[in-house]
Amino acid sequence: MIISPDVLWLSTSLSFQRFNRPVMKALTQQMRVAEWEYYQSPDEGNSLDVAINLLHDYMQEVDRPLHLVGHSTSGLLGLLYACKYPERVRSLTLLAVGVNPSIDWQAHFYTVRQMLPCDRQKILIQMVHNLFGYCSRSRALSLIRYLEQDLSCSLSLHSLLKRTRIEPVMPNVPLLVCGSQDDVIVDPTQIQGWEQLLKRGDRLWLCPEGRHFFQYFQAEQTVNTLCAFWDSPSVNQPQKQPQNQTVCNSK
């Protein structure tokens, strides 16, 4: 058996890993934190089912349920896993995952790209501004490289030909949903849409600022919010487990 961490941070994007580092480093001062990574080559097909099965292989090797944390598509993976295997999950924290959980920056990118097929670089520059705010040209060019890498090598539901929609779904595990007031990708309306689905003890937090990667720009506030949730009574009592749910519909 693997020596269990307390927290398992899910990562499906090599280029965006760096934006989780400040929070993970701070958490390691208080808890055992591990990172589970899933990457693919540009020639591989995107499959959430494959990622869920590989994550389950790992989770079967640990000796107790874990706190799962994921940002954007990584959070979506955690959400679908928690719906399928709630007995393996002590709690789930979603960062920048709206009530329509398939909405991410790539969905925005491909929607605009379909309307403006010849302006890929201009669209990427606008995406940088949307994700990170306005910055110097050199910084913007560096961030564009991260976005291009994410388009090529990350797990995604979307392409220029098709965007996939996943209906709202609620896992039967303690849930913390986090977003940012100034995120234009997963805006506050998408985060607040969870309110009608939350169970007793679940929590919702909107960071005052930080845009789509608020966990990077507001790491201290994010850490405090996560730790307060993990210390709450709702996380530290047994959960009733429901039957598995159907979660994915493609359009």
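Modeller: Let's go label by label, keeping in mind that this is a predicted model.

Colleague: Why is the pair of W36 and Y38 called stacked?

Modeller: Rings pair if their centres lie within 6.5 Å, and planes under 30 degrees apart count as stacked. W36 and Y38 sit 6.2 Å centre to centre with 5 degrees between the planes, so by those cut-offs the pair is stacked.

Colleague: And why is the pair of F109 and Y110 called edge-to-face?

Modeller: Here the ring centres are 5.2 Å apart and the planes are at 70 degrees. Over 60 degrees counts as edge-to-face, so F109 and Y110 get that name.

Colleague: Why does W36 count as buried?

Modeller: Buried means under 20% relative accessible area. W36 has 9%, so W36 is buried. Y38, with 8%, is buried too. F109 is at 1% and Y110 is at 11%, so both of these also count as buried.

Colleague: What makes R18 a charge over the ring of Y146?

Modeller: The distance cut-off is 6 Å from the ring centre, and R18 is at 3.9 Å, over the face of Y146. Y146 also belongs to a cluster linked by ring pairs, with F16 and F19 among the other members.

Colleague: How do you know that strand 1 and strand 2 pair?

Modeller: The definition asks for at least two bridges. Strand 1 and strand 2 have 5, in the parallel sense, so they pair.

Notes. Residues are numbered from 1 along each chain as its sequence is written. This is a predicted model: local features need pLDDT of at least 70, side-chain atom pairs count only at pLDDT 80 or more; totals for chains, interfaces and linings use all residues. Side-chain values use heavy atoms; hydrogens and water are left out. Helices (H or I, at least four residues) and strands (E, at least two) are DSSP runs, numbered from the N terminus. Rings of Phe, Tyr and Trp (its six-membered ring) pair if their centres lie within 6.5 Å; planes under 30 degrees apart count as stacked, over 60 as edge-to-face and the rest as tilted. Buried means under 20% relative accessible area, exposed over 50%, partly exposed in between (1.4 Å probe, protein chains only). A charge sits over a ring if NZ of Lys or CZ of Arg is within 6 Å of the ring centre and within 35 degrees of the ring normal.
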